[in-house]
Amino acid sequence: MAAQTLTGSATVEVQVDAGPVTEELDALRDRLDEAEREREELRRLLGTLGAPPDPPPGNSPETPPGTPPGTPPDLSAGTPADAVSPPTYGSDGFTPITPSADSRVVYVSSSRGSDRNHGLSPDAPLRSVYAGYRRLRHGFPDHLLFFAGDTFAENLGKIDKSGRSAQEPMVFGVYVDPQKPDLPRPIFFSPGESWAFKDFRANGSHLVFRGLHLMAPHRDARRPGFNPLALTPEQWKHSGLRFLGDAQNITVEDCVLELFKFGLVFQSDPDHGLMRNIRLHRVVVADSFGHWDKKIAGHSSGLYAQYIDGLAITDSVFDHNGWNTMVQGAGKTKFNHNLYIQKDCQNVAVRRSIMARGASHGLQLRSGGVVEDCLFVGNALAFYVARRPSVVKDNVVMHSADLGEGKADRRGHGIETLPVQSAEITGNIISQKGGTADFAPAIGITWAKGAGRWLDGRPYRVTLVGNRVHAWPRYEGRESAIDITGAAEVQDNRDNQVDRASGGTFDAAQWREPGRDVAGYAATLGLDASLEAFLMRARQRPRGLWDDRFAAPGVNAYIREGFTAR
């Protein structure tokens, strides 16, 4: 089977060996693995006798002592948004991970392996993903490594095992040929459903996914012979990684996920307890799409997150999620986004990431949190924050878009706050409105139905300092592109420069070069002078390497320089 990926075409050969000898050997290995797991679990229990019990599941750190397990926390209390500190990375900018003394390292290669091998060395790898996962032990810091450059036509499937702790996770990663260390990520052509999923109440904590390329090839409209009518329900509702329930300490790093309905799902509820400590670092989530008919697929986003305590997204790319013009019924709608983070999350931070060409919002941060040094370009609405204390700092918003061609589909919004306990909006650049809605603000401090009930008498406080607005017209220039509702208390409003084209008084000629954009930045890097050229290069970042020039900080610094004084 051939499929088109971000880095070109790839071919995978599927072989099935289900002979009676293999089946008998697999059954023997299963019994041996189970016996070994039971022995190791007994050793662990003996070693932990007398240790204090773990806290009951389902309660957040904010929950008062003595609260029954499963009681939902008070998410309205509001911890300071800047308490979400960045994770610690090594000198290469990636999370340092090394096997523990008792880690079992399992190797899998579709091109070199056999499921008759033991899989415990690079010289004797297994062949199938399924065989590799079977050899991992629940409660241990085991590593399952896939050979760089290989292709697989399998899912990892149901996750029912956990690592030992946040410091000793179970790892799903990559190993390389020492003679060819630059081989690309292993590609997994997922046949349907989810490439990996954890159900409610199942094991599946303390996990790291690193350096993998997950793809839903049957949903690739660029593939010759693609026919959406031939997609099965499982393929229409296809997800990359889907975690449900009270999982903890999940890291996804240096991975690519493309063409799913949802690239990433992290979802819990009050009955199952908060999911905690989810880290997305240097991931690419692209080209997710669903279908307007929920009986076929329903809504789609690059990321969906609900009932999480601690979600950190850094140095990532979310591009063209929630829509696909090549598939009938999969166009833009107001329900589909690059990132959709629900109101019942807390301690959320999105830093140094690119949110581009989303169907509707680049980021719906309904819970509030930190949004810092991010690039939003080509979204119908860039992003909004609400509810909990928020910090919106040093972001660049450019070239908003419409949802469609009809009057009801006009958009073009920049940064918005809905009623929030506090929002610090500082140092942002909002430039060159693209949508046709003449009412869409560059910065909108707005109201929402029902927000008064949530605030429950608390003030709606906002700080606006040092923001720059260029070429963002509203009502033919009769109103400023910064729109403040009377319900908000603006505690500090200074040094916000709005040019005359955006309804302000500032003379844009005083800025060095306010017309800078992503296309111009791409030209400085030797690429074609287009947004598409830059985003394709950002999406094709090689495994294990990093270059700030093709990330949000590089673009933002270039744009920001254009807004310095002449």
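## Cores, sheet and salt bridges of a predicted model

The largest nonpolar core contains 90 residues, and F209 and F266 have the most contacts inside it. A nonpolar core is here a set of buried Ala, Val, Leu, Ile, Met, Phe, Trp, Tyr and Cys residues joined through side-chain atoms within 4.5 Å. Buried means under 20% relative accessible area, exposed means over 50%, and partly exposed lies in between (1.4 Å probe, protein chains only). Apart from this core lies another of 26 residues, among them A286, I429, F506 and F563. In soluble globular proteins, nonpolar side chains tend to be buried together.

The structure is a predicted model, in which local features need pLDDT of at least 70 and side-chain atom pairs count only at pLDDT 80 or more, whereas totals for chains, interfaces and linings use all residues. Residues are numbered from 1 along each chain as its sequence is written, and side-chain values use heavy atoms, with hydrogens and water left out.

With contact defined as heavy atoms within 4.5 Å, F209 touches L156, I159, F172, W195, L241, F243, I250, T251, V252, E253 and C255, not counting residues up to four places away in sequence.

**Sheet.** Helices (H or I, at least four residues) and strands (E, at least two) are DSSP runs, numbered from the N terminus. An open sheet is formed by eleven strands with parallel pairing, in the order β6-β9-β12-β15-β18-β21-β24-β27-β30-β33-β36. Its edge strands, β6 (157-158) and β36 (482-484), each pair on one side only. Two strands pair if DSSP finds at least two bridges between them; β6 and β9 (residues 194-198) pair in the parallel sense over two bridges. Within β9, F197 stands opposite K158.

**Salt bridges.** The whole structure holds 27 salt bridges, each defined as a side-chain nitrogen of Lys or Arg within 4 Å of a carboxyl oxygen of Asp or Glu.

R351 lies in strand β22 (residues 346-351) and E372 in strand β25 (residues 370-372), so the pair ties together parts that are 21 residues apart in sequence. R351 counts as buried at 10% relative accessibility, whereas E372 is partly exposed at 24%. In the remaining tabulated pair, D220 is buried, with a relative accessible area of 1%, and R222 is partly exposed, with 38%.

**Surroundings of S502.** S502 is located in the loop between β38 (497-498) and α5 (518-524), and its relative accessible area of 0% makes it buried. A polar atom of the S502 side chain lies 3.1 Å from the backbone nitrogen of A471, and the side chain of S502 also reaches the backbone nitrogen of W472 at 2.8 Å. A polar contact is a pair of N or O atoms within 3.5 Å; within protein, one must be able to donate a hydrogen and the other to accept it, and residues adjacent in sequence count only if both atoms are side-chain atoms. Not counting residues up to four places away in sequence, S502 touches V469, H470, A471, W472, P473, E479, S480 and A481.
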